[in-house]
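Please read it with the structure open.

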Amino acid sequence: MGRPKGFDPDVAVDRAMEVFWRKGYARTTPQDLVEALGLGKGSLYNAFGSKRALFELALRRYRDSQVMTLIEMLEAAGPVKERLRRALTSLVVMDLADPDRRGCLAVNSAAELAGAEDAAAVDLVRRMFDRTEGAFLSLIAEGQRSGEVAPERDPAALAALLLNTVVGLRLTMRVTEDSHRPAQVVDAVIDSL
């Protein structure tokens with residue numbers, strides 16, 4: 001049996017991303033994907049090869065949408081600390097607005113797959129983190145040149161701190177009931193620069 005008429009692989013990957021984001025990789029069954037994508041099991045495997053391959057495509061889609069949005073916010077015009085505050089605050093607002101409290105697919109996947117025999121997925125998440133940390137490093141270096149960030153501070157250490165702040169915020173936002181605490185974290189991080 002072939003693909004259904006009107007099958008759009010991009011839409012299918014978006015739908016799969018939503019399922020993996022909500023349920024995680026291990027808890028997502030092929031049946032979940034069949035139902036979400038509107039494909040038969042055979043068509044699912046013919047189109048994407050395996051659940052694992054579809055998961056990688058979903059992670060890449062997430063990177064291309066969510067991670068790149070954060071990086072674009074960091075690279076926008078304006079004072080460095082304000083761009084950073086806007087970017088971090090937007091993550092908090094997005095997570096608080098999500099009734100399912102999904103958090104970040106990359107962070108969730110890192111927590112779920114760390115130590116697993118899934119080197120390719122772990123490597124993809126690691127590269128997403130590295131790219132985000134690289135954007136933070138560029139922002140810190142720019143802030144040091146403009147005088148907004150203390151020049152004696154180690155820019156690589158500050159970039160690592162910012163990445164860890166994002167990871168921590170995204171995990172915390174999944175369970176927090178206190179909507180003021182994340183704003184306090186953002187303020188403290190900005191003030192520490």
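Which residues of helix 1 are buried? Point 3 takes this up, after the basis of the model and its overall make-up.

1. Basis. This is a predicted model, in which local features need pLDDT of at least 70, side-chain atom pairs count only at pLDDT 80 or more, and totals for chains, interfaces and linings use all residues. Numbering starts from 1 along each chain as its sequence is written, and side-chain values use heavy atoms, with hydrogens and water left out.

2. Overall make-up. The protein has nine helices and zero strands; helices (H or I, at least four residues) and strands (E, at least two) are DSSP runs, numbered from the N terminus. Its C-alpha atoms fill a box of roughly 65 × 35 × 35 Å along the principal axes. Of the 193 residues, 42% are buried. Here buried means under 20% relative accessible area, exposed over 50%, and partly exposed in between, with a 1.4 Å probe and protein chains only. Among contacts (heavy atoms within 4.5 Å) with a separation of 6 or more, 66% are between residues 24 or more positions apart.

3. Helix 1, buried side. The buried residues are Ala 12, Val 13, Ala 16, Met 17, Val 19, Phe 20 and Trp 21. The buried residues of helix 1 pack against helix 2 (30-37), helix 3 (41-48), helix 4 (51-75) and helix 6 (105-113).

4. Helix 1, length and ends. Helix 1 covers residues 9-23, and at 1.5 Å a residue its 15 residues should span 21 Å; the end C-alpha atoms are 21 Å apart, so the two agree. The expected span is 1.5 Å times one less than the number of residues. At the start of the helix, a side-chain oxygen of Asp 8 comes to within 2.9 Å of the backbone nitrogen of Asp 10. After the helix comes Gly 24, with a positive phi near 85°.

5. Helices 6 and 7. Helix 6 packs on helix 7 (residues 119-146) at an angle of about 135°, with the axes 10 Å apart. Helix 6 is therefore oblique to helix 7. Angles under 35 degrees count as roughly parallel, over 145 as roughly antiparallel, 65 to 115 as roughly perpendicular and the rest as oblique. Axes are lines fitted to C-alpha atoms, for helices over the stretch in contact, and angles run from 0 to 180 degrees between N-to-C directions. At this pair, Ala 106, Val 107, Ser 109, Ala 110 and Leu 113 in helix 6 meet Ala 121, Val 122, Val 125, Met 128 and Phe 129 in helix 7.

6. Helices 8 and 9. Helix 8 (residues 155-172) and helix 9 (residues 180-192) pack at about 180°, with their axes 11 Å apart. That makes helix 8 roughly antiparallel to helix 9. From helix 8, Leu 161, Leu 162, Thr 165 and Leu 169 meet Pro 182, Val 185, Val 186, Val 189 and Ser 192 of helix 9.

7. Arg 170. This residue is in helix 8. Is Arg 170 buried or exposed? Arg 170 counts as buried because its relative accessibility is 4%. Its side chain makes a polar contact with the side chain of Asp 95 at 2.7 Å. A polar contact is a pair of N or O atoms within 3.5 Å; within protein, one must be able to donate a hydrogen and the other to accept it, and residues adjacent in sequence count only if both atoms are side-chain atoms. Leaving out residues up to four places away in sequence, Arg 170 touches Tyr 62, Leu 91, Met 94, Asp 95, Gly 103, Cys 104 and Val 107.
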